[in-house]
Amino acid sequence: MHDTPGQSFEKDNYMESGRPAEGGQLAPGRVVSAACAGGEARFTCDNGAGLTVTALAPKVVRLRYCSDAGYGDGFSYAVADGAGAGDRRAELEMEEGEEGFRLSTGELVFDIARDGLRMRVEDAAGELVSEDDRGFHWQENKDFGGDLVFYSRRVQPNEHFYGLGDKSCHPELRGKRFTMWGSDTYGYGVDTDPLYKNIPFFIGLGHGRAYGVFFDNSFRSFFDFGNERPKVASFWAHGGEMDFYLFGGPTVREVVRGFSALTGTAGLPPLWALGYHQCKWSYKTEAEARRIARTFRELDIPCDAIYLDIDYMDGFRCFTWDRDAFPDPGGLTRELAANGFKTVAMIDPGIKIDPGYAVYDEGVERGVFCKRMDGTLFRGNVWPGACHFPDFTDPRVREWWGGLYRGLLEDDGVAGVWNDMNEPAVFNDDRTFPRDVRHDYDGHPCSHRRAHNVYGMQMVRATEEGLRRHLGGRRPFVITRSAYAGAWRHSSTWTGDNVSSWEHLRIANIQCQRLALSGYSFVGSDIGGFLEKPEGELFTRWVQMGIFHPLCRTHSSGDQGDQEPWSFGEPYTSAVRDAIKLRYRLLPYLYTAFRQHVEAGAPVLRPLVYLDCGDPEMLHRDEEFGVGDHLLTCPVSKPGLDGRWVYLPGGDWYDFWTGCRVAGGDEVWAEAPLERTPLFVRAGAVLPLGPALPHSGARDWSEIELHIYAPPGGGEVESSLYEDAGEGQGYRAGEFRVRRFTVSSGGGALIVGQEVEGDFAGVERFRVVVHGLAGAAGGVTVDGETAAVVWEGRALVVDSVPAGFRRIEFCELPGGGGSER
C-alpha cells in the first residue's frame, strides 16, 4: 500500500547479513545406521547428524537433515492438508554398497555417500538432476541458539534457474543472490531484494530437463545461484532445519504440478473477483465512492469492485467507520451492489492502543496480542499511531480475528477484504517486529525470527476463515501484500507499491509470471503504478497487460492524481474501455483457466519456459506469456510504438485481431496501435467469448460465441469450458458443467467434437465462429443435420447451435475465405 521509503535492515555481521566463513561449519560424519521401510529411509551418522528421505510420490521426495542437535519439530504452514509426508507415500527401495546407498522411487535415483551424506540424483533415464558440492552442513548460532543450516550443490553446465516468487529482476536467476525476509519495500526497483513475499521454491533447468526445490524453512533464508562461486548454488537459513523437497521433471509443467500438489491451490473465486477492480488511496467519502461507480456506468466501462482504503476508518481503527465520511456504510454497499459493484475494504494488522476501542479492549482481555520475551506487549507505530498486533500463528487468535469481520460482512455489506502492512511492517528502525517477539506457531512456540515470514500468511488465513463463516455460503475474496508458500490457499495477492513508469510495467509483467510459476496464480499489479502519475499511453498499455492477469485492479496513491479509466481523456478512455470489455468477453475462458488451476495446479499465467522448456529461445525471454491453454500475449512496454516483435512457441497460431494464421517457433511482427495489444490463439483451440457486460453479475451466458481456430491438419487439439453459478458452494456438490471440445482436420473436413460432464443449467446455444478454413464451406452439419452458414470477413459463422451438440463437421471446397500470413 503506502509507506515512507525504506526497507528492513539488520546488523551487518555474519549472523544477519549472509553466510559465515566456513571455518566454524560442521558436516555429517560417517553413516552408522540405515533403514528403509514404508516409503522412507533414515540414516544416522557417528556424530549424531542424520537424514530422512521420504517419497511422497515417485517424483516428489522430501529430504530432511539434522545436525548433531537432532531433528526439529518438522511443522509446516506451507504443506496443504493431506499432502504431506504423513499423508501419502510412494515406494522407495534401498540398495547398500561399500561406498554408500542407492535409493530409488522408480522415477528418481539417489546415490548417498556413506561419508558425509553427499548426494547425487538422477532421473529414470540416467540424466543428472542434482549433485552436491558440500551438501548439508551447519554452524551453531551463538547469538540466538540453534543452528545456521546450509546446503550447497554444483551448478551444471548451461543450467538455468527460475522461481522464488516475489522478485523483480529478470526471470533467469543464475549469477544472483536473494533473501527471503518479507519487507515493506515502497517504490522498489528492479534490483530491490527482499520484497514482500517469501516463496523459497526454485526450478533448475539444464539441457531441457527441469527439477524443482522447495526449502520449507520460514527463518530468514538465502539463495545463491552461482553469485559467490560461479560453479556452486546454495541455500541456507538462520535457524530451523535443512528440510526441502525435490521435484522431478523433466518438464517445468511437471515440476510446477508437483509443487502445487504439495502446497495446494487457490479456491475457486467468485466470478466477480475476476472482473475489473478500481482502487485508490483513498476514496474518502460515500459521495466520492458513489461518483466513481456512477461514472463507470455512464461511460459504459465494465467494473465489478470498488475498494475502500484505510481512510474509511475512524482514525485508522480497524473494524470501524468514519461516520462523518461514511454515515451509512450498509446503505452505500447496498446501493453499489444494486448497480453491480462489490465493496472491498482494507484491514491492517495493527490495532490502535486506545482504551474504550472495543477491538483493543477485547484483544487485551483475551490475550491475543504479541508479547516481547519478557512478557510485555509489543508496541509498534503504524497508521493509527501506537498499536498492538495479534499473534496470527495462534489458532485461538485466528478464531477471534475471523469473528471480527461479522459486522463488516453481515451488517455493512462488505464483500471482500484487503489485508495490507502484514510483512509485518512497522514504522521503526528495523521496519518490522523485534526479533524477541514471541509467537505460538500453532503449538510450536518460537521467536519472530521463525514467525516473521509466515505472519502475513496466517493473517489472511484468519481473514479467509472468518469470511467463510460470515458470508452465508458465498465465496470469500481476500487480497494480501505479504505471503509465504501456500498462502494462495487463502488469498489473492498483488505486487505491492510500484511506480508509474515503463520500467515498472515490465517489472509487473515479470513479477506476475514469476509468482505464477512459483505457485501463486491469483496475482496482479497496481495497474498504472501506485506511486507517481502515468501519462495516458502508459496507463493504457498497462491496462492492456493487466486484463490478462488473474487479478485485474487499478490502484494509485491519490495524492498524485486521479487514475480511473477516464482520467486521461481521449483517445485513452476509449482504448481502455475496449481493453476492459475484452477482459469481460474473455471471462468464460479465464474462469475455465482458473478452474484448471484449482483442479490440477496449472498456473493461469504461463511463462514461455513453462510452455516449452526444451526450446532454447524460451530461456531468456521475459515479456511474452501464455494465459490458460491457448492464448499468448505480449504487452507493448515502450512508448510511441504501434507494433512489436513477439516470439511464438512451436506450432501454428492465429492473430486474434486479424484471424491470420502464423507459424510458431520464431518471432513475428504484431501490429499494436493504441487500441489493441498483441494477442495470439493456438491453432486448434476453441475459445469461448461472452458478451461485454457492465459487470459479471449481469452475466447472460445463455448464448456465447465459440471461436474455433482451424489447425493446419493432423492431430487433435483439446479445449474446455467450465460453467457454474459463479458464486456459492454448489459447485462442490456437483452443480457445474464441464464441456470438453476436440478439434481435428484432415481429409477435406474440420471436425469439432464435444463431451459434457455435469448438468448445470448454463449455456443454451453457441454462435460458432470458425477461423482459418482454406475454402468456402461446401457443407456444415451439426449432429448430422445440415446447418446454415454465413461468412463474416475471414470467419465462417454458424448461428444458434444447440449447446449439447456432439459433432460439427465442416467440409471445405477450394476458393473461399481462409488466410495465412
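Colleague: With the side chain of which residue does the side chain of H448 make a polar contact?

Modeller: This is a predicted model, in which local features need pLDDT of at least 70 and side-chain atom pairs count only at pLDDT 80 or more, while totals for chains, interfaces and linings use all residues. Side-chain values use heavy atoms, with hydrogens and water left out, and residues are numbered from 1 along each chain as its sequence is written. A polar contact is a pair of N or O atoms within 3.5 Å; within protein, one must be able to donate a hydrogen and the other to accept it, and residues adjacent in sequence count only if both atoms are side-chain atoms. At 2.9 Å, the partner of the H448 side chain is that of H439.

Colleague: What is the relative accessible area of H448?

Modeller: H448 is placed in helix α8 (residues 448–451); helices (H or I, at least four residues) and strands (E, at least two) are DSSP runs, numbered from the N terminus. Buried means under 20% relative accessible area, exposed over 50%, and partly exposed in between (1.4 Å probe, protein chains only). H448 is buried because its relative accessible area is 0%.

Colleague: How many residues apart in sequence are the parts that F215 and F235 tie together?

Modeller: Rings of Phe, Tyr and Trp (its six-membered ring) pair if their centres lie within 6.5 Å; planes under 30 degrees apart count as stacked, over 60 as edge-to-face and the rest as tilted. By this rule there are 65 aromatic pairs, including the tilted pair of F215 and F235, at 5.1 Å centre to centre and 50 degrees between the planes. F215 lies in strand β15 (residues 209–215) and F235 in strand β17 (residues 232–237), so the separation of the parts joined is 20 residues.

Colleague: Which kind of pair do the rings of W488 and Y520 form?

Modeller: Both W488 and Y520 are buried. Their ring centres are 5.2 Å apart and their planes stand at 75 degrees, so the pair is edge-to-face.

Colleague: How far apart are the end C-alpha atoms of α10?

Modeller: Of the 16 residues of α10, 14 are buried, so the helix is largely enclosed by the rest of the structure. The expected span of a helix is 1.5 Å times one less than its number of residues. For α10 this should be 22 Å, which agrees with the end C-alpha separation of 23 Å.
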